[in-house]
Amino acid sequence: MATYLEFIQQNEERDGVRFSWNVWPSSRLEATRMVVPLACLLTPLKERLDLPPVQYEPVLCSRPTCKAVLSPLCQVDYRAKLWACNFCFQRNQFPPAYAGISEVNQPAELMPQFSTIEYIVQRGPQTPLIFLYVVDTCLEEEDLQALKESLQMSLSLLPADALVGLITFGRMVQVHELSCEGISKSYVFRGTKDLTAKQIQDMLGLSRPAVPIQQGRPLQTPEQPVISSRFLQPVHKIDMNLTDLLGELQRDPWPVTQGKRPLRSTGVALSIAVGLLEGTFPNTGARIMLFTGGPPTQGPGMVVGDELKTPIRSWHDIEKDNARFMKKATKHYETLANRTAANGHCIDIYACALDQTGLLEMKCCANLTGGHMVMGDSFNTSLFKQTFQRVFNKGFNGEFRMAFGASLDVKELGIGGTSQWKICSLDPSTTLAIYFEVVNQHNAPIPQGGRGAVQFVTQYQHSSTQKRIRVTTIARNWADAQSQLQHIEAAFDQEAAAVLMARLGVYRAESEEGPDVLRWLDRQLIRLCQKFGQYNKDDPNSFRLSESFSLYPQFMFHLRRSPFLQVFNNSPDESSYYRHHFARQDLTQSLIMIQPILYAYSFHGPPEPVLLDSSSILPDRILLMDTFFQIVIYLGETIAQWQKAGYQDMPEYENFKHLLQAPLDDAQEILQTRFPMPRYIHTEHGGSQARFLLSKVNPSQTHNNLYAWGQESGAPILTDDVSLQVFMDHLKKLAVSSAS
Amino acid sequence: PLTSPLKLHYPHPQNSNHKLLSTIQVIEDDRSNRGSEPFVTGVRGQVPPLVTTNFLVKDQGNASPRYIRCTSYNIPCTSDMAKQSQVPLAAVIKPLATLPPEETLPYLVDHGESGPVRCNRCKAYMCPFMQFIEGGRRFQCCFCSCVTEVPPHYFQHLDHTGKRVDFYDRPELSLGSYEFLATVDYCKNNKFPSPPAFIFMIDVSYNAVKSGLVRLICEELKSLLDYLPREGNMEESAIRVGFVTYNKVLHFYNVKSSLAQPQMMVVSDVADMFVPLLDGFLVNVNESRTVIASLLDQIPEMFADTRETETVFAPVIQAGLEALKAAECSGKLFIFHTSLPIAEAPGKLKNRDDKKLINTDKEKTLFQPQTSFYNNLAKDCVAQGCCVDLFLFPNQYLDVATLGVVTYQTGGSIYKYAYFQVRTDQDRFLNDLRRDVQKEVGFDAVMRVRTSTGIRATDFFGAFYMSNTTDVEMAGLDCDKTITVEFKHDDKLSEDSGALLQCALLYTSCAGQRRLRIHNLSLNCCTQLADLYRNCETDTLINYLAKYAYRGVLNSPVKTVRDALINQCAQILACYRKNCASPSSAGQLILPECMKLLPVYLNCVLKSDVLQPGPEVTTDDRAYIRQLVTSMDVAETNVFFYPRLLPLVTDVDSDSLPAAIRNSEERLSKGDIYLLENGLNIFVWVGVNVQQGLIQNLFGVSSFSQISSDLSTLPVLENPFSKKVRSIVDMLQVQRSRYMKLIIVKQEDKLEMLFKHFLVEDKSLSGGASYVDFLCHMHKEIRQLLS
């Protein structure tokens, strides 16, 4: 076997799994002593173009409590046509279809290269995908126009048989009937009244009327049209109709007096959307797509009153317990999110406004259902337009890169905890963090050389409406932490560990106060350094970390400064937005979020990655920073001056023109592919937008130490934040201290 | 000729009632005596001609009898006298009455920014009876005697008789009726009102659709919307229109002119009604013409296959009310409704009809609403000026007593078409609808009756709401609505100054103009009872008594009401006999000249459907009639209680109506055809021995047996007899505020029972007394009182 790095990469590519530890400590006690928990990042639907799904049902272990799927790890007795479950050791007969198997005639699921395999199963009727647009009409004219166009465009991206529905809201909520010719019909609800699912269904006429019992007459059972057909219609049938309807959408007509916010009934609109799908299509793939241009201002789920003089809650208000509506609103959206999740539907939130829109309160709608959350300044921006378009991106087979109603089963050996989750919507990059607990007692460790196995079973509705099951089975060695610590140490995946710890930190931050989380992270880092560092007691200079740990402290440094844990300078909505994406992106993207990438472009050589450090900001450089959410292009002082002087337009300075162009091209490449599309910032030395860069780099030079350092390169940052250097010094000191 | 009391011998049952006092004679006498010359209103206390007489009115300072009629034009000076006589003092007021084209409409007076000139104390409006003093600088109020400064802009010198020199230039100084332009002070929230709106709210449940009603309404509205009421000289009506359909949910329609197609908005939250759209609901007919036409085309199609049988009702009114609130205007809802609202919603009703309650103490509950919900709703409607007109098409009991509450209290009208069928009922319904939509109407009205010191308005009857004891509030008031006001003494009156009434009606016109209509009337006062009895008006008296009795059934058993009515009339007549008539034998029944028809008319009231129902009369019919009568004017009550019976086989050449005959079967000849009308129905009675030629001419069939009693109109045949009869029918239809239902009755056919019910001088099947019997009974009562 090659290096662990290669092993990790191969595993990620094949199975979409990255473990914090690739060799597992063999008892519960040892596992807790490792500081970083035994956990993995799993990308259940990782795109595998080289993996054609098989067209049959998986073979399951016959023990009712186990039901693990046959995998390459199972012992097979080809002569007796038996296989032993590697989780519960139950011996199972192969089904009749497998009669012909032998060592040379193996089904795919037994071949080692198919540790991940996907089955297409034929179960139940196939239901089309459902898209329910929930559209805010309290928008500025041009915003609404842009949104209408985006929505009209999206119709052409939907599969022809997908069902689509439209709810609009402002002061009132309108559920549009799509089937009618001539007069357009809609059901209107007050925006202030919370209705139960039953009431909503009754009012929409969705409840099936009791069959009247008529004596002496045969019951009439003509082909009744699908009851839902009025509100959710196949795209191909009502394409024109809905395009016209969207085209005719008007801004909310109720007058908004000066000093007031428009009355926006987001809470009721969502509640009706959830109720509508709940009553018509429970447990099939459906997306509720909420487009809102401002905070909910009335009814259940209101986040702020309609008086403009009372601003929407800030972190300050929340700390002071001054956010009047927050708890009630959050509860409303949580209830909705839970109902949606129970139905296997998902909610996307597309919030475009300059001010906050209540994402903090509504975040659970997307978070608990696997929906998207997109935040922008206006619907009339390419950020929204392109991001929205990307929702409907198609894979190479012309299928949507989205899946619905997934459930994930995890079978493990020697590990405990919850083992079943429901994820209502997944895309190929959705990445889950799964934390394991080693349940072996210390006094009964797993024998040396044993292997632990984990099987991930993901059942989902593919965008082609097929039901599919993807099974990933992996195994890792157990090791005794006392005698074989170096094995475990070497098998540490510091990138995965950083992301997994960060997710834990964010989870805590959502439920706890910020400083406590930072203290907890610091303590964990110190403990880890104490455990795995090499040092002499009380001698900070002697402190060394092995290669597999060397980057970890730096990740933690940037994590501490990241918007996931720091709320300063971010609105509650922004924090919710950042955290939402952090909790679902894959490892690479997550690392970018923790520690943004900085590239330098100069005449001194080809573009190169440089340290995320203030010392990298040089006058003759162009910097490109990718924080995942923002792409910042920063022209150094000299470069900016050259550009102003117009050298790029002179034929003799064509190379300067190319230099200017290079980062733009690279940025475009990122912008083209990322979801959600990042905010694109082009700035220069001294520009106000340069703050995006300055707040991210390690403040190695600040106004406090600039002269002491006496260097002329780099840009001082006006901050009291500690630099990485100071951080590391403290860390070493604490790690080696015998007092702690 | 009016002064000699009438003496009668005790009428023996065996006496033929040919000799009884004939209503026809009285009516004909009045016609010939008073019909030729105009009635000039300059003189105080003049008794006008009977309502059955055609006459012109010249306003010379008192309101025309078309606006106000009184039970007596000479009223006792003291309360004791009034009590002794038991003659009710009441005025029947029809503030927006339609005038014949020969008479001039009330002039509109504008007193400028400061508004109409009024008495400082009692706030009476400037009128012909105000006394200008001090050379015209002040005026003394004719009602309360308070002296008020004449505002400078209104000052005018007086001539040698003390009259202002501009007396004839100013309607408010020389006429009994006129209008003032109201200032913003007279408007709600101190804002001039917006033009009113009409909202058409159509039941589209199964019954309504299946009977063809929905299609009929939509078709009719297409043309009818061009005839909305408008102010005299305006090019188009200022009234905006809106449309709602409903079954157990409500459908609002956006008919904004900019739309290519109307939009339907369904509100199913009937528990908490609201209007789902702001602009586009109430629109100008001309601007939104194509969208409205498209809507009216599509409504019948959209609901053609409906299976919804349940309806709501209160939420429909609430929706209309909310729409008017949102548009900040007053208006009228035209609700077309078919069934008892049993769907789950506020104001949901249950079927509580129970004929067993008749003649028990609980009978009154049949006239009362089953829930107070509608009373509260009515209050809200009145506050907004939301008048509700109700067109009912029941196939069974739908509780008119409850559904009608809002209509009744908002000054609206109820129309009822039981077992509606397009073929037979469409003419009647469409004519009613057309008239109802087109007729003159005022909104958000408040009426106040001021009187000179000594008497006071104490009681009011009609379709309105009162939140205090003096102001009659009506969300809408049309030209047919009548309010009966009763007066009582609170002090002495003097023969010199007489008694004055001033009825002031503040309302919003159909163009949204706020106005005051003022009617003034001066009456004489007397210290002698004989003067009172000489100046009474029996038709008006009956109007008052009927309304009084019809209200009584809400609270007392019907029998008590009937007895009280008989007793009061006996007292009136006994008082006359005791105090005014010359001594004569007790066996003689002596009636005052003006009241000689009181017994026969009273008998008609007593045997009417409300007070003595026959087995075929439904609870809804009774509630319906009770409400109708309460808003009737004197002419309507007259013909309603004593129907007009006309022989049709007469001199064909004559242009005028044939002379009426008395309502008794004895008067009918087997060889003749008769027409009977009571304001609601027209019966054409055909005797079994009518000549075949007449039958051929009138019905187009060759024999009596071939006449179909199914006809709802007379066939149009080109012969003088057919033309004559149809023109009589048309003439009668024009006179009435509702289109009468035409019923063909063949002698000895089963429908004849129904017809005989209207022969009011005969004994009725439900136990009502014949004229003779009742007269005997009255005489007995009077004798008892006198002994």
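Me: Which residue forms a salt bridge with Glu307(A)?
Reply: One heads-up: this is a predicted model, where local features need pLDDT of at least 70, side-chain atom pairs count only at pLDDT 80 or more, and totals for chains, interfaces and linings use all residues. Residues are numbered from 1 along each chain as its sequence is written, chains are lettered from A and ligands numbered from 1 in the order in which they are written, and side-chain values use heavy atoms, with hydrogens and water left out. A salt bridge here is a side-chain nitrogen of Lys or Arg within 4 Å of a carboxyl oxygen of Asp or Glu. With its closest N and O atoms 3.1 Å apart, the partner of Glu307(A) is Lys260(A).

Me: How many residues apart are Glu307(A) and Lys260(A)?
Reply: Helices (H or I, at least four residues) and strands (E, at least two) are DSSP runs, numbered from the N terminus. Glu307(A) sits in the loop between strand E13 (286–292) and helix H7 (315–319) of chain A, and Lys260(A) in the loop between helix H5 (235–248) and H6 of chain A. The pair links distant parts of the chain, 47 residues apart.

Me: Is Lys260(A) buried, partly exposed or exposed?
Reply: Buried means under 20% relative accessible area, exposed means over 50%, and partly exposed is in between (1.4 Å probe, protein chains only). Lys260(A) has a relative accessible area of 29%, and Glu307(A) also comes out at 29%. That makes Lys260(A) partly exposed.

Me: Which residue does Asp573(A) meet in a salt bridge?
Reply: The N to O distance of this bridge is 2.9 Å, and the partner is Arg313(A). Asp573(A) lies in helix H15 of chain A, 260 residues away from its partner in the loop between E13 and H7 of chain A. Asp573(A) is buried, and so is the residue asked for, Arg313(A).

Me: How far apart in sequence are the parts tied together by Arg517(B) and Glu179(B)?
Reply: These two side chains meet in a salt bridge at 2.8 Å, N to O. Arg517(B) is in strand E24 (residues 514–526) of chain B and Glu179(B) is in strand E11 (residues 177–181) of chain B, so the pair ties together parts whose separation is 338 residues.

Me: How many aromatic pairs are there over all chains?
Reply: Rings of Phe, Tyr and Trp (its six-membered ring) pair if their centres lie within 6.5 Å; planes under 30 degrees apart count as stacked, over 60 as edge-to-face and the rest as tilted. Searching the whole structure for such pairs gives 69.

Me: Why is the pair of Phe564(A) and Phe582(A) stacked?
Reply: The ring centres are 4.5 Å apart. Phe564(A) is in the loop between helix H14 (552–561) and helix H15 (572–582) of chain A and Phe582(A) is in helix H15, so the pair ties together parts 18 residues apart in sequence. Phe564(A) is buried at 0% relative accessible area, and Phe582(A) is buried at 1%. The pair is stacked because the angle between the planes is 25 degrees.

Me: Which residue forms a stacked aromatic pair with Trp685(B)?
Reply: The two rings are 6.3 Å apart centre to centre, with 20 degrees between the planes, and the partner is Phe755(B). Trp685(B) belongs to strand E28 (residues 681–686) of chain B and its partner to helix H19 (residues 752–756) of chain B, so parts 70 residues apart in sequence are tied together. Trp685(B) is buried, with a relative accessible area of 1%.

Me: What area is buried between chain B and chain A?
Reply: Buried area is the accessible area (1.4 Å probe) that two parts lose on being put together, summed over both. Contact means heavy atoms within 4.5 Å, and here it takes 22 residues from chain B and 20 residues from chain A. Carbon and sulfur atoms give 57% of the buried area, which is about 1800 Å².

Me: Which residue of chain B meets Lys193(A) in a salt bridge?
Reply: The rule finds three salt bridges across the interface of chain B and chain A. In this one, the N to O distance is 3.7 Å and the partner of Lys193(A) is Asp272(B).
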